Amino acid sequence: MESMLEAMADGFLFHLAHKKARREEEEERARQRRHMAHRRALHQKRQERETRRVSFLRQLADYQREAADLRATIACASELLPQASPEYGRMIAWAEQRLADLEAQNQLEVLTSNLRGQGLFPEPDDLHDPEGDPPTPKYTWGD
């Protein structure tokens with residue numbers, strides 16, 4: 001009878017140990033899933049930020065090209081102003097104001113403020129993943 005109770009106790013203890021091990025394994029898998037989900041979220045945010053960076057830089061280049069074009073147009077127009085119509089003079093005045101606005105947008109202080117405000121190049125980088133980009137999932141829902 002005693003050996004039967006010992007066997008039952010051993011079986012019960014084995015069952016508890018097994019159950020504990022499975023729970024710990026499941027907790028570890030859940031922790032790994034949360035960690036990978038966090039890394040994938042960081043990756044997604046880095047991609048979105050990269051898109052915003054490219055857009056910002058393109059807009060900056062567009063402003064600089066437009067400013068250069070306006071400078072050339074205004075320089076050529078100054079020769080024609082004495083005999084030009086009032087409408088032409090108003091157009092050139094408007095172009096000069098547009099150029100002043102564009103040049104103001106290209107001031108280093110304004111650019112720095114915009115970069116900081118949009119969080120495009122923060123230091124330290126809050127989206128940095130020391131492990132690099134996460135692997136692409138092998139399966140997606142519905143596969």
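## Packing of α1 and α2

Axes are lines fitted to C-alpha atoms, for helices over the stretch in contact, and the angle between two of them runs from 0 to 180 degrees between N-to-C directions. In this predicted model, helix α1 covers residues 2-80 and helix α2 covers residues 86-105. The two helices pack at an angle of about 150°, and their axes are 9 Å apart. Their crossing is left-handed.

On the α1 side, the contact is made by Y63, E66, A67, L70, R71, I74, A77 and L80. On the α2 side, Y88, I92, A95, E96, R98, L99, L102, E103 and Q105 take part. Sorted by class, the contact has 11 nonpolar, one polar and five charged residues.

In soluble globular proteins, nonpolar side chains tend to be buried together. The largest nonpolar core here has six residues: A67, L70, I74, A95, L99 and L102. Helices α1 and α2 each supply at least two residues of this core.

What is L99 in contact with, leaving aside its neighbours within four places in sequence? The residues are A67, L70, R71 and I74.

## Glycine 132

G132 lies in the segment after α3, a helix that spans 108-118. The relative accessible area of G132 is 28%. Buried means under 20% and exposed means over 50%, so G132 counts as partly exposed.

Leaving aside neighbours within four places in sequence, G132 is in contact with R39 and R46. G132 and R53 are 79 residues apart in sequence, and their C-alpha atoms are 20 Å apart in space.

Terms used. Residues numbered from 1 in each chain as written. Predicted model: local features only at pLDDT ≥ 70, side-chain atom pairs only at ≥ 80, totals over all residues. Heavy atoms only, no water. Helix = DSSP H or I, 4+ residues; strand = E, 2+ residues; numbered from the N terminus. Left-handed = near helix turned anticlockwise from the far one by under 90°. Contact = heavy atoms within 4.5 Å. Nonpolar A, V, L, I, M, F, W, Y, C, P; charged D, E, K, R; others polar. Buried < 20%, exposed > 50% of the residue type's maximum accessible area, 1.4 Å probe, protein only. Core = buried A, V, L, I, M, F, W, Y, C linked by side-chain atoms within 4.5 Å.
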